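The sequence and structure come first.

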Amino acid sequence: MPVPKWLVVARNEYRITTSKIRKIRPYFPILIIGLLAVYVAFIAPAVASLLIDDFLAFIITFAAVPMVQIFLFMIFFYFIILPITQTLKEMETGQLEIFLAAPIKPSDVLLGEFLGHMPLYAIAITVITGFFTAVLTPLGLDMVQTAIIIIVFVVTFLSAYWIGVVIAAILRTRLGKTARGKDIGRALALVIALPMIAIMYAIMGGGLTEALVDPGTSGAVRAILGLLPSSWGAEVFVGFASNPGNIGAVGFETVTRFGGLVAFFVAVLWLGAKAANRAYSLEPTTFIASRAKPDGAFYKTVKYLGGGGSFGTLLVSIFKDYSRRLENLSKIFYMVGLLAIINIFLIGPDDAEGALLMPQFILPLLAAFVVGEVTLRGKEALFIYKKTPSGVGRLVKARLLHGWLVVVPITAAIITVSTILSPQTTFISSLTITGLATLFVAANVAFVLGLSLLNPAFSDKSGNYVINMMITMFAIPNGLFLIPLIVLGRVFDLGLYDILLYVTVPLSWLVGIVFLYLGKRKLGRIE
């Protein structure tokens with residue numbers, strides 16, 4: 001009896017996936033299985049026992065169903081975007097071209113990918129399902145209710161994963177044909193997570209919870225969420241928690257919600273296979289020639305700010321090289337969107353200090369996204385500057401000015417808007433806060449640029465790049481801002497503005513100049 005073709009693809013994908021894990025440690029698969037067993041048997045019940053009182057108080061509230069709906073929707077959405085982001089980031093087609101060159105239907109390839117990668121997603125499903133099952137066990141659910149809850153979670157998350165696989169395949173087909181399409185894909189891979197982050201911060205800020213408790217607004221939220229398949233499982237979950245050991249009390253709701261969820265899973269499998277056969281194909285990558293246009297007012301202004309001449313031309317070329325990649329622009333959009341979400345959901349309109357405090361933990365990442373990629377184009381691009389007179393110094397100067405021209409105006413705009421919206425902020429205090437924030441972030445640009453040259457990363461997948469990002473995320477906000485704020489605030493009773501003006505900003509500039517000097521020397525000696 002011939003082996004189904006989708007099973008051949010699944011077996012190959014599974015071997016590739018497990019081989020990557022075994023390269024780290026040969027015994028990792030067995031270790032993961034053992035840890036999952038310990039988690040389900042001991043860790044999850046222990047954690048659930050600590051939360052059982054709060055859970056019992058929560059499950060009888062008016063907001064229980066919509067809150068569980070939102071939580072499951074977030075996980076559902078995460079399982080959809082995960083394969084999409086992985087596909088858009090890498091756009092690797094070599095392995096699939098081998099399969100599609102053989103007499104195999106695209107739906108078999110897609111189903112094989114789905115099954116081959118399923119063991120990795122099964123780990124996350126086991127962790128989530130194990131926790132929720134452990135929370136419900138002390139309530140006295142019978143075996144049938146427990147089994148249905150487990151099936152509900154598995155079917156819900158596998159449906160989301162399959163939808164993500166299908167969408168990723170179609171996007172890979174549409175965007176992978178051209179280099180510009182691949183750039184668009186990498187840009188989408190980052191910003192696609194912003195909606196889920198917004199929901200998470202809305203819950204953390206309490207605004208969403210208040211809307212769910214209010215009978216006037218919760219009805220609309222429940223009606224919208226009720227259309228999603230993840231919400232059907234949430235209603236089964238809350239129904240069983242409210243009626244432990246009595247499945248008959250919610251028998252009709254269980255049959256309709258559970259049956260609808262299973263029918264949805266079967267339907268998306270069938271529709272996904274049909275969509276794959278129609279839209280999933282791989283064609284050779286094509287290249288479209290670009291036409292150079294005369295510089296507009298923006299680039300003329302940039303050249304003027306660079307002093308004109310050859311250095312102004314160099315600065316314009318760096319701007320063009322950075323802005324033509326949509327992935328770079330998407331990182332800026334992501335950081336601005338993240339700051340907007342934080343200001344909307346976590347910072348109150350009368351919290352002027354919060355409007356200054358929170359961005360200091362986010363803006364260093366913006367600097368890292370703008371100037372931290374100075375070495376990511378490879379050593380060859382750096383050698384071009386090394387072979388020209390004063391090339392290293394001109395490159396560092398141009399990169400520094402480029403970072404300031406991008407990061408400083410964005411920072412000034414964000415802080416100005418945040419402070420103006422606060423009724424307690426005067427015009428003078430708004431200017432003061434904006435000035436301090438821009439001085440701090442300008443020093444961050446110098447620090448990140450020097451760090452990237454001192455510890456060069458020639459790929460965004462290299463260990464050096466990860467280290468640089470970690471230092472930027474933790475060293476700058478904590479070492480240059482948070483620690484002086486806590487220590488000096490307690491010892492000398494200094495306010496936030498005094499610490500920023502007399503300590504944080506001067507210290508940031510000192511560290512930034514030192515790292516920039518050391519990075520420039522390292523670049524001059526690189527081989």
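Where does Glu373 lie? Glu373 sits in the loop between α17 (359-371) and α18 (379-386), helices being DSSP runs (H or I, at least four residues) numbered from the N terminus.

## Basis of the model

This is a predicted model, in which local features need pLDDT of at least 70 and side-chain atom pairs count only at pLDDT 80 or more, while totals for chains, interfaces and linings use all residues. Residues are numbered from 1 along each chain as its sequence is written, and side-chain values use heavy atoms, with hydrogens and water left out.

## Glu373 and the salt bridges

With a relative accessibility of 5%, Glu373 counts as buried (under 20% relative accessible area, with exposed over 50% and partly exposed in between, for a 1.4 Å probe and protein chains only). The side chains of Glu373 and Arg399 form a salt bridge at 2.9 Å, N to O (a side-chain nitrogen of Lys or Arg within 4 Å of a carboxyl oxygen of Asp or Glu). This pair links distant parts of the chain, 26 residues apart, with Arg399 in helix α19 (residues 391-420).

The structure holds 4 salt bridges. One of them joins Glu235 and Arg257 at 2.2 Å, N to O; Glu235 belongs to helix α11 (residues 229-242) and Arg257 to helix α12 (residues 251-279), so the pair ties together parts that are 22 residues apart in sequence.

## Nonpolar core

Among the 65 residues of the largest nonpolar core, Met335, Leu338, Leu366, Val370, Leu449 and Leu523 touch the most other members (a core is a set of buried Ala, Val, Leu, Ile, Met, Phe, Trp, Tyr and Cys residues joined through side-chain atoms within 4.5 Å).

Definitions and conventions
Helices (H or I, at least four residues) and strands (E, at least two) are DSSP runs, numbered from the N terminus.
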